[in-house]
Amino acid sequence: MIRIAAILSLALGLAACTDATKDLGGPTEPLGTFKLGHAEVVAPAPQQLLVSRSATPEEWVATVDSAFEERFRRFEGDKFYHLGIKVEAYSLPPPVVPGKSALQLLVTVWDDEAARNAPEGQASARAKMNAEPYVVNVIQVFESRLQLTREEQMQRLAETGALEVERWLREQQATEGWFGGLPEPAPEPSMSAKAVPEAVVAE
């Protein structure tokens with residue numbers, strides 16, 4: 001498994017913008033056949049990193065579940081897919097302590113139809129679309145942290161995590177053909193069906 005401590009040493013390029021939900025106010029761009037069945041969030045033993053305020057597993061489950069439901073219930077495809085989300089680690093520095101707020105999630109996507117049509121005992125393997133959990137690392141530097149409560153920090157991290165997962169799913173759709181994506185290119189020959197030279201007849 002990815003080493004948890006790596007979250008806080010990742011490049012600042014992973015630092016997200018402060019408003020990860022502004023896109024939700026506009027029209028929803030379809031995600032192929034995707035329609036959310038269940039978003040199952042678990043947090044069996046999230047690791048608390050560095051100097052951080054505590055948050056219970058129950059609080060993380062509620063916060064992350066809310067963020068994923070809000071983002072992924074918008075899609076109205078014609079096939080059900082399920083998201084399995086595990087809260088792996090977090091950091092919620094108090095206002096007076098320098099540092100970054102962070103959240104690590106492990107995400108697995110399940111194809112409901114594949115699970116139902118799989119031979120007995122093979123449902124899990126057939127339904128899982130990514131063999132290894134996709135790792136989402138969210139790192140945020142809140143310049144206005146003095147004004148943010150612990151709950152607001154958690155909410156922003158969860159919302160940004162959900163946004164990152166949507167971006168990943170769109171990448172998978174474009175590159176791996178998930179949710180009915182891919183096939184299209186074909187036509188090319190032109191030039192009068194590319195004239196075939198007449199055969200030279202030897203005399």
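Predicted model: local features only at pLDDT ≥ 70, side-chain atom pairs only at ≥ 80, totals over all residues.

Visitor: What is the order of the elements in the protein, from the N terminus on?
Guide: The elements run α-β-β-α-β-β-α-α-β-α-α, and in number there are six helices and five strands.

Visitor: Why is strand E5 said to be largely enclosed by the rest of the structure?
Guide: Strand E5 covers residues 134-140, and five of its seven residues are buried, so the strand is largely enclosed by the rest of the structure. Buried stands for a relative accessible area under 20%, and in the protein as a whole 40% of the 203 residues are buried.

Visitor: What makes E4 and E5 a pair of strands?
Guide: Pairing calls for at least two bridges, and seven bridges join strand E4 (residues 101-111) to E5, so the two count as paired, and they run antiparallel. Within this pair, Leu105 stands opposite Val136 of E5.

Visitor: How do you know that the side chains of Ser54 and Gln48 make a polar contact?
Guide: The distance given for the two side chains is 3.1 Å, and the cut-off for such a pair of N or O atoms is 3.5 Å, so the value lies within it.

Visitor: Where is Ser54 placed, and which residues is it in contact with, leaving aside its neighbours within four places in sequence?
Guide: Ser54 lies in the loop between strand E2 (47-48) and helix H2 (57-72), and, with those neighbours left aside, Ser54 is in contact with Gln48, Tyr90 and Arg150. Of these, Tyr90 is 36 residues from Ser54 in sequence, while their C-alpha atoms are 9.2 Å apart in space.

How values were computed: Residues numbered from 1 in each chain as written. Heavy atoms only, no water. Buried < 20%, exposed > 50% of the residue type's maximum accessible area, 1.4 Å probe, protein only. Contact = heavy atoms within 4.5 Å. Polar contact = N/O pair within 3.5 Å; in protein donor to acceptor, adjacent residues only side chain to side chain.
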